Amino acid sequence: MAQKPALTARLFSVDQYADDEALAAALAGHGLGLTPFEARRVAELLGRNPTFTELHLFNAEWSEHCSYKSSKPTLKEFLPVTGPTVIQGPEEDAGILLLGDTGDGDRWGIVIAHESHNHPSQVLPTEGAATGIGGIVRDVDCMGADVIGVADPLRFGDPNGANRDRTRWIVGGVVDGIWQYGNALGVPNLGGDIVFDPCYDDNCLVNVVALGLVRESRIIHSRVPEEGRTEPYDLILVGKPTDDSGFGGAAFSSVVLDDDADEFNRGAVQVPDPFLKNVLLLHKANEAVRNAAFEAGVPVGMKDLGAAGIACCSSEICSSGGFGALIDLDRVPVALADMQAEVIACAETQERYIWAVPRTFSDTVLRIYNEDWSLPDIYEGARAAVIGEATVELRYTLLHHGEIVCDANIMDVTEGILYERAEEPRGWDEAEPELTFPANLGDVLLRLLASPNLASREPIYRFYDTEVQGAAVLRSGEADAGVIAPVPGTKFGVALSVDGNPRYGRISPYAGGATAVAEAIRNVSAVGATAVGMTDCLNFGNPEVPTAFWEFRDSVRGLSDAARSIEIKGQPGCPTPFVSGNVSLYNMSAAGNAIAPSPIVACIGVMDDYSRAVTVQLKAAGSALLLIGARRDELGGSDYYQVELDCHGAHVPSVDGAREMAQNEAVIDAISAGLVRASHDISGGGLLVSLAEMAMGGWCHGTLGASLDVSAVPFAGEPVPADRERVAKLFGETSGFVLEVDPANVAAVQALCAEKGAVCALVGQVTEAPTLTVTDGAAVLAQVAMSELVETWRGGLTAALA
C-alpha cells in the first residue's frame, strides 16, 4: 500500500465538553454508547480528539459484548479452562476438545462455540435467531473445522401471561429463524432446551451452540501467523458486499433494551443469507482455500466477521498475532453508494470472513472464491478482495477516500478497558411451603405434563432438520442428549446437551450455576457418553447494579465449583473444563425488568462406540426399573412448586461432586457393558415425570406402561413429615437416573453402583398394560392410562402457543 497520508478527518471535540452530562448527550446524539469517562479515555490514549470513525470503533470494541469489561476478571478468577481433553481453550473464536485418535498420530478434535443473540431476537425474532445461527457456525468454520451440528437453548416469556401475544410472536419468529437458516445451510440440529418464565417477557434469550470436526494438524487460528514478520501478509475480505445492516450491533447488545428506541434497535440487527453461507461453508469454497494452503505449506489465519464487522475482525486477527493493520476502506466491496467510513468499518453485514495470507498466496485465494466458486455470480457484489495488510508496527490505521480516518495503537483498541464493579449480595426471603400429599396424584401429573416447561417439545423440534449430513444417532426428543457419529469409518460418538434453570438461579445464583453444570454432564452420561468439556453462555442483568453483579459472580463461582468437583471420568484430579463461551449482560428492559440469573451450559461427551448409546423410551415388558440416586427434600425451584403452588420455595437441588461422579460413572459403565435398555436423568418434574416420559418416549411411540412403588424409593437427608417425603420422592429434582434393565442384569448394575458408591434401588417395572401406576406398598396412589398422558403431554405446548 502507499505511504500513509496525514490525519485530516473530522474530529469529535471531546475536550470542548466540560461536564459529563453535556458530553453524554453529544455521544448519544451520534448513536454512541461510550460513557463520558470512556470517551475521555479514548482521547487520552490517542493524544488528541478522536475522529468519528475512531469513536465508533472504540464504541464497538469497548462494548461489553466485545471487551468483557465487567466480566473478564471474574471468568479468569474462577473457571477451569485447561486439562488433558483440551486441544484449544477459550482464547479463540471456538474451543476444541479431544475426540480421539484413529492410530495415525493425528488426533480428531470437536470444535465447539457458544454465543447469544438475545437483544436482536427480542426486536426482530426471525432475523435475530437466524443470524445467531449464522454467526456461530462461522466461529466453528474459521477454526478449520467441518460444521457438523447446532443446538439452541431458548428462554421465552410467559406464554399465558400479560404479554402472551408478544411472547408467542417471538417464539414463532425465533423458531422460524433457526429452522429456515439451519435447514437451508445443511447443518443438523442436535438439540436444545426451552424454558418459559415471566422474567423473559421483555428480554428473550436465544443462545446458540455449534459443533465442528477437525484434525489437529489442520486447525487454523484466528491470528496472523508469525511468518508475517518476514514476508508481507495481506488481509482478504470474503463474502457479501458490506452494507449498513447491523451497524451499532455490538453496542446494541451491551445496553438495556428500550422500546422507545425501536427504530434504532431494528437497524442494529443483521440480515442473514444461508444460501451464500452454504457455498462458503460445508466442504466448499472455504475448504478449497484451506486445502490449497495446506498443500502449499502456507501458514494462514482466518476469522469470521461478527460484532463490529471489519474493524473488530481485522484488528483482532492482527493484534492476536502481535501485529498492526493498515486497511483501505475504499477497497471494501460495498452494496450502497456513499457509505461513511465508520459504517463500512463497523457494520455487521453477515456471511463474511477475513483471511490473513502471504501476499504470494493472495491470487490463489481470489481465484478460488471469485472464479472457481463464482461468488460474484451467486450474490450481487459478493467477492473476495484484498483490503489491507498486517504491519509490524502496532498501529491500527483505516484509510477512506485517501485520508486517514483512524490511527490508534491496536492494543488499545482490542484490549479494551476493565471495570471493578461493585457487588452486593441479596437474600431470598421465600420459605418452604407446608405440604400435604395431593388427593388426586394422577391429576397433578397431568397438569405437570401439560405445563409449558414440561410439555413435549415436538411442536418445536419437528421443524428442524436432524438427518442432513447422515450422522444422526440419537435425535431431539429421543434421549437426554443428541448423539452423532461424525467420523466415517470409526465408532466415535459425540453427545451434546444444554442446560440451565432460571428458577434455581432466582433462589440462589450459586445453585443456578452449579446445577447447570451438573445436569449438562448428567445428560451426556445418560446416553452413555463421558463428558470431556463444556461451554457457557452467561446471561445476566445490568452489571452496574451491585446486586446484579453479585448474582453474576456468585453464579460463576457455582459453575466453577461444580466443574472442579465433577472430574473427567478416568482423569483423577482433572476438572471438567470450559473451552469457550459468551457473556451476555444488560438483559433487562428500560422499565427495570431484569432476567433471573441464567447461566446456560453446553456439555460435550464422547463415546468409543456410538452403537452403545441408549434412548429414554422403555423397550420391554417385565424390565426392572432402577433408581440411581436417593431422593432428598429439594423441591425449591421445582416444576411442582410452580404448577401446583405458584411458588419457588427455598431448598434447591444441591450439587455434591463425589455423588454426581459416582452416579454418572456407574451409569456410563452400565451402558458401556450393554446392561441398560433405556436411561433418563431426573430433573424437571422429578422422578414421576421422568418415568412418564420414558413410558411415552420422546416421539410418543411408547406402547408399554410402568409401575412405581414410592415405598421402595430411597430418601436421604434430615427426616421430614411423611407427606413432604412422598412429594419430594415423586417431584423433587435432586439429581439421579432411572434405568430400564433386564431382570437378569439387575445384580450386575447394582454391583457397579456399589463399586462406585452410588445409591441404587429397584423401584418398579415395565408393564405390558399401557398404564402408569404409582403405589405406596399395597396402596394404589394413581393409575393413569398412557393414552391420556400422551394426549396431555403432546398438546401442552401447542395449547400454550396457540
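This is a predicted model: local features need pLDDT of at least 70, side-chain atom pairs count only at pLDDT 80 or more; totals for chains, interfaces and linings use all residues.

Me: How is the protein chain divided into domains?

Reply: The division gives domain 1 (1–72 + 221–417), domain 2 (81–219 + 493–613) and domain 3 (429–455 + 614–802).

Me: What makes Glu 660 and Arg 522 a salt bridge?

Reply: The term requires a side-chain nitrogen of Lys or Arg within 4 Å of a carboxyl oxygen of Asp or Glu. The closest N and O atoms of Glu 660 and Arg 522 are 3.6 Å apart, which is within 4 Å, so the pair qualifies as a salt bridge.

Me: How many salt bridges are found across the interface of domain 2 and domain 3, and how many residue pairs are in polar contact there?

Reply: The rule finds three salt bridges across that interface. Between domain 2 and domain 3 there are 14 residue pairs in polar contact, with both residues at pLDDT 80 or more. On the side of domain 2 that touches domain 3, α21 (509–526) is one of the elements giving two or more residues, and α21 gives the most, with 10 residues. By class, this side of domain 2 has 17 nonpolar, eight polar and eight charged residues.

Me: What is the area buried between domain 2 and domain 3?

Reply: The buried area is about 3,000 Å², and carbon and sulfur atoms give 58% of it. Of the area that domain 2 buries against domain 3, Arg 503, Arg 522 and Lys 569 supply 24%, more than any other three residues.

Me: Why is Asp 93 called buried?

Reply: A residue is called buried when its relative accessible area is under 20%. The value for Asp 93 is 15%, so Asp 93 counts as buried. Asp 93 is in the loop between β1 (86–88) and β2 (95–100).

Me: What makes the link between the side chains of Asp 93 and Lys 303 a polar contact?

Reply: The distance limit for a pair of N or O atoms is 3.5 Å. The contact that joins the side chains of Asp 93 and Lys 303 is 2.7 Å, which is within the limit of 3.5 Å. Beyond its neighbours within four places in sequence, Asp 93 is also in contact with other residues, including Asp 139, Cys 142 and Ser 580.

Me: Is Ser 497 buried or exposed, and how do you know?

Reply: Ser 497 has a relative accessible area of 3%, which is under 20%, so Ser 497 is buried. Ser 497 lies in strand β16 (residues 493–499). A polar atom of the Ser 497 side chain lies 2.7 Å from the backbone oxygen of Ala 520.

Me: What can be said of the phi angles of Ala 308 and His 401?

Reply: Ala 308 has a positive phi of about 65° although it is not a glycine. His 401 is likewise a residue other than glycine, with a positive phi near 55°. Ala 308 is in the loop between β8 (301–304) and α13 (309–319), whereas His 401 is in the loop between β12 (395–400) and β13 (403–409).

Me: Why is Ala 308 called buried, and why is His 401 called exposed?

Reply: Ala 308 has a relative accessible area of 1%, under the 20% limit, so Ala 308 is buried. His 401 has a value of 62%, over the 50% limit, so His 401 is exposed.

Conventions:
Residues are numbered from 1 along each chain as its sequence is written. Side-chain values use heavy atoms; hydrogens and water are left out. Domain bounds come from an automatic or database domain assignment. Buried area is the accessible area (1.4 Å probe) that two parts lose on being put together, summed over both. A polar contact is a pair of N or O atoms within 3.5 Å; within protein, one must be able to donate a hydrogen and the other to accept it, and residues adjacent in sequence count only if both atoms are side-chain atoms. Helices (H or I, at least four residues) and strands (E, at least two) are DSSP runs, numbered from the N terminus. Ala, Val, Leu, Ile, Met, Phe, Trp, Tyr, Cys and Pro count as nonpolar, Asp, Glu, Lys and Arg as charged, and the others, Gly among them, as polar. Buried means under 20% relative accessible area, exposed over 50%, partly exposed in between (1.4 Å probe, protein chains only). Contact means heavy atoms within 4.5 Å.
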